[in-house]
Amino acid sequence: MNKIFLIIWREYFERIRKKSFLVMSILGPVLVAGGFALMIWLSNQDKTEQKVLVVDESMAFYKNIPDNDFIRFYFPDVKLQQAIKDFYKNDYTCILYIPYNIAQSGNAPVKLFYKKTPGFAVSQYLRDVMERKLYEFKLAANNINPDVIRNARQSIHVVNEKIYENGDSKESKTDAMSFIGFACGVLIFVFLTIYGAQVMRSVMEEKTNRVVEIIVSSVRPFQLMIGKIIGIALVGVTQFAIWLILSSVLTTAVSATLLKKITADANKQIEQKEIIYKQGSNTNIKELQKADSRLEAIEIINDLKGLDFTEIILCFFIYFVGGYLFYSALFAAIGSAIDSESDTQQFIMPITLPLVVAYMMSISVMQNPEGSIAFWGSMIPFTSPVVMLVRLPLGVPLWQVCTSVVLLIAGFILTTWLAGRIYRTGILMYGKKVSWKEMIKWISYKG
Amino acid sequence: MSLLSVQNVSKRYANHTALKNVSIEVPEQSIFGLLGPNGAGKTSLIRIINQITAPDEGSILLNGKKLAPQDVSRIGYLPEERGLYKKMKVGEQALYFAQLKGMSKADAMGKLKIWFEKFEMVNWWNKKVEELSKGMQQKVQFIITIIHNPSLLILDEPFSGFDPINANLIRNEILELRKQGTTIIFSTHNMGSVEELCDYIALINKSEKILDGAVKEIRKTYRSNIYDTTFKGNLMGFTNAMWSGGELLEKNSEGELHTVRIKLTANNTPNQLLQTVLPTIEIHSFKEVIPSMNDIFIAKVNSQEVFGTQSNYTE
């Protein structure tokens with residue numbers, strides 16, 4: 001037992017001490033947060049001042065397109081050809097051309113000419129505004145008050161509530177939950193592949209280094225394998241813990257500053273929509289809609305706050321460790337059987353395939369969390385670490401979780417046992433192209 | 001008394017037999033050579049003694065008791081293909097392996113210091129293994145093998161890969177360790193080192209032991225009444241005088257001085273030969289040719305080869 005601790009200690013510290021570990025642990029969350037911040041920053045950056053010259057042949061929009069905070073519209077009396085010809089003489093950034101038959105079916109397209117690409121926000125705004133105007137225009141043409149239509153529309157908020165057999169009920173916040181579940185599932189998938197491959201590479205390194213024969217004259221091969229697997233698992237757990245702590249610190253910092261700005265931006269966008277609605281719209285509806293959209297945003301944040309993160313983290317931990325033990329034993333067996341990196345591919349495929357299947361399953365599980373794919377996927381140890389995590393935040397009966405965990409434990413005991421038998425023969429086998437058939441034979445060899 | 005006794009050990013793999021009913025006795029405080037061509041089963045036997053693999057049949061006794069897992073701390077093993085963790089520091093690595101053999105950290109530390117000083121490698125302690133030359137790495141490996149003061153030391157091809165200076169260093173350490181009571185098994189192809197170092201040998205070929213015993217005894221048994229003699233005088237006279245009792249195998253003449261190798265026939269003794277030739281020539285030297293381990297090795301392995309083909313024909 002003492003020797004296993006020695007092996008664990010070595011595997012753990014040799015990795016923890018590496019610079020790459022430190023870099024990954026610190027840089028990981030920083031990169032994620034940084035990427036996130038960059039995305040927000042970039043999306044705010046493309047709002048360069050736009051001066052749009054409108055050539056409106058239909059005359060439906062003449063002096064009737066409202067400006068927003070960065071787009072200004074000008075309506076000089078000029079023909080399209082002339083406008084294009086003089087484009088570079090003027091300081092307009094875009095020319096908006098509206099054909100005469102815009103309001104008829106089979107209309108010609110509206111065109112936006114530009115010097116520099118104006119960005120998505122501009123065309124988005126243009127389309128919104130014009131569609132709205134046309135809509136109101138057509139309603140008016142048919143003698144319908146737009147308010148009547150608007151009043152007829154009512155946004156509805158659907159709350160999902162599950163009723164259990166014993167009469168308990170639980171409101172589930174499906175959107176946020178399924179997102180969290182999916183993220184956890186993907187994270188497990190990534191962790192299992194990365195750390196499984198590390199186990200494999202480490203086993204192979206010891207074998208090709210020929211250090212393994214010295215070690216197995218002191219400890220049993222199984223001890224070496226288990227020690228290595230546990231040591232690397234601890235590295236994974238450490239890294240995960242560092243990430244968890246760092247990201248929670250970072251997100252608090254980010255949400256204190258950036259998030260405030262994001263909410264402010266969101267509000268601004270809502271107001272922008274209001275500008276569009278302003279024409280001929282009624283105040284109380286406006287307020288209602290405003291309240292509606294705010295409510296939705298707040299709700300998602302509240303959903304996230306209301307989530308029991310300790311439960312999710314605990315389950316994440318259990319399924320990470322269980323799934324890792326299940327798969328890394330298989331990876332160790334592969335590592336022991338092969339001599340060179342180039343042989344890895346053919347043997348890795350069958351092992352990573354179930355993981356990829358689990359990942360694909362989890363997409364369908366998100367849509368149908370209690371279907372048969374979800375059920376069986378979360379029971380079978382090959383896929384349960386990923387699939388169960390997707391299901392968990394949406395509420396899974398306790399008996400299913402327990403069965404799944406028991407099956408996973410039984411699964412990793414079986415794979416570890418099998419892997420141990422392949423491993424002890426494999427690590428001493430050199431210069432031989434191995435096949436699956438051969439490896440299965442090794443299982444029956446006497447230690 | 002035997003320190004190690006291997007009794008009727010067999011080991012089979014899926015498509016070949018690595019060891020067939022092999023038994024050897026390794027006397028205490030001796031140097032025991034395990035000989036055999038490549039693929040004969042030496043490494044399989046060594047792995048079984050090291051408890052890396054288990055025999056299908058037979059048993060191994062250490063000091064009269066059945067080999068048990070905790071006995072690994074009494075055995076030191078230097079494999080033929082040996083390596084170290086490249087990225088790990090020399091000192092930490094040596095400490096790690098010593099602890100794996102069951103030594104306490106403090107004990108290992110103390111012993112390592114002594115050996116590092118002895119081999120003049122104290123300032124390597126904090127270097128990574130990959131920074132060391134091959135010869136330096138070999139010294140580290142040797143220290144790791146003997147650091148826990150094993151009563152049985154197993155060296156698989158210890159001199160392969162060692163440069164002459166290190167090989168000599170290791171040779172001296174082996175002799176020194178035996179003096180202190182260690183029993184040493186080593187496998188080798190180098191017959192010169194067998195004659196120089198080994199007290200006993202076992203020859204394994206095609207999974208079977210075909211010869212074992214004390215080196216001196218074996219060489220005596222295999223001597224075939226062949227003598228080298230140098231003399232001054234008439235070569236014809238010499239051959240005529242001895243014609244009835246011996247056979248001339250080789251001759252080499254330099255002027256009046258002749259060196260010949262002769263094989264005595266039947267029960268003729270060297271004394272009888274000398275009596276007959278002495279009147280005609282002047283003897284400068286007369287020496288029995290004892291077959292080298294190399295000769296015995298080749299003869300034994302080849303004879304089995306011939307036997308093997310014959311038996312194939314009869315099938």
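Me: In what order do the six strands of the open sheet with mixed pairing stand in chain B?
Reply: This is a predicted model. Six strands of chain B form an open sheet, and the pairing is mixed. The twist averages 15° from one strand to the next. The order is β6-β7-β8-β3-β9-β10.

Me: Which strands stand at the edges of that sheet in chain B, each with a single partner strand?
Reply: An edge strand here has a single partner, so one side of it is left without a neighbour in the sheet.

Me: Which residue is the bridge partner of B:A202 in β10(B)?
Reply: Strand β9 of chain B covers residues 200-205. It pairs with β10(B) in the antiparallel sense, over six bridges. Within β10(B), the partner of B:A202 is B:D212.

Me: At about what angle to β6(B) does helix α4 of chain B run?
Reply: Helix α4 of chain B takes in residues 134-146. It lies across β6 and β7 of chain B, with β7 at 152-156. Its angle to β6(B) is about 160°.

Me: Which strands of chain B does helix α5 lie across?
Reply: Helix α5 of chain B is formed by residues 164-179. It runs at about 150° to β8(B), one of the strands it lies across. The strands are β3 (31-35), β7 and β8 (183-188).

Me: What is the order of the open sheet of four strands in chain B?
Reply: The pairing in this sheet is antiparallel. Its edge strands are β2 (17-27) and β5 (65-66) of chain B, each pairing on one side only. Five bridges join β1 (2-12) to β4 (57-62), and B:Q7 has B:S59 as its partner in β4(B). The order is β2-β1-β4-β5.

Me: Which residue of β13(B) stands opposite B:E250?
Reply: Strand β12 (246-254) of chain B runs antiparallel to β13(B), joined by eight bridges. Their hairpin has two residues between the strands, and B:G255 takes a positive phi near 65° there. Opposite B:E250 stands B:R261.

Me: How many bridges pair β11 with β13 in chain B?
Reply: β11 spans residues 226-233 and β13 spans residues 257-264. B:I226 has B:K263 as its bridge partner in β13(B). The pairing is antiparallel, and the bridges number seven.

Me: How far apart do the C-alpha centres of the two domains of chain B lie?
Reply: Domain 1 of chain B is 2-217 and domain 2 is 224-288. A compact globule of 315 residues would have a radius of gyration near 20 Å, but chain B has 25 Å. The C-alpha atoms of chain B fill a box of roughly 75 × 55 × 35 Å. The domain centres lie apart by 46 Å.

Me: Which helix gives the most to the side of chain B that touches chain A?
Reply: The contact takes 22 residues from chain B and 18 from chain A. On the chain B side, 13 are nonpolar, four polar and five charged. The helix that gives the most supplies four residues. That is α2 (90-100) of chain B.

Notes: Residues numbered from 1 in each chain as written. Chains lettered and ligands numbered in written order. Predicted model: local features only at pLDDT ≥ 70, side-chain atom pairs only at ≥ 80, totals over all residues. Domains from an automatic or database assignment. Pairing = 2+ DSSP bridges. Axes fitted to C-alpha atoms, helices over the stretch in contact; angles between N-to-C directions. Contact = placed C-beta atoms within 7 Å. Nonpolar A, V, L, I, M, F, W, Y, C, P; charged D, E, K, R; others polar. Rg over C-alpha atoms; globule rule 2.2 N^0.38 Å.
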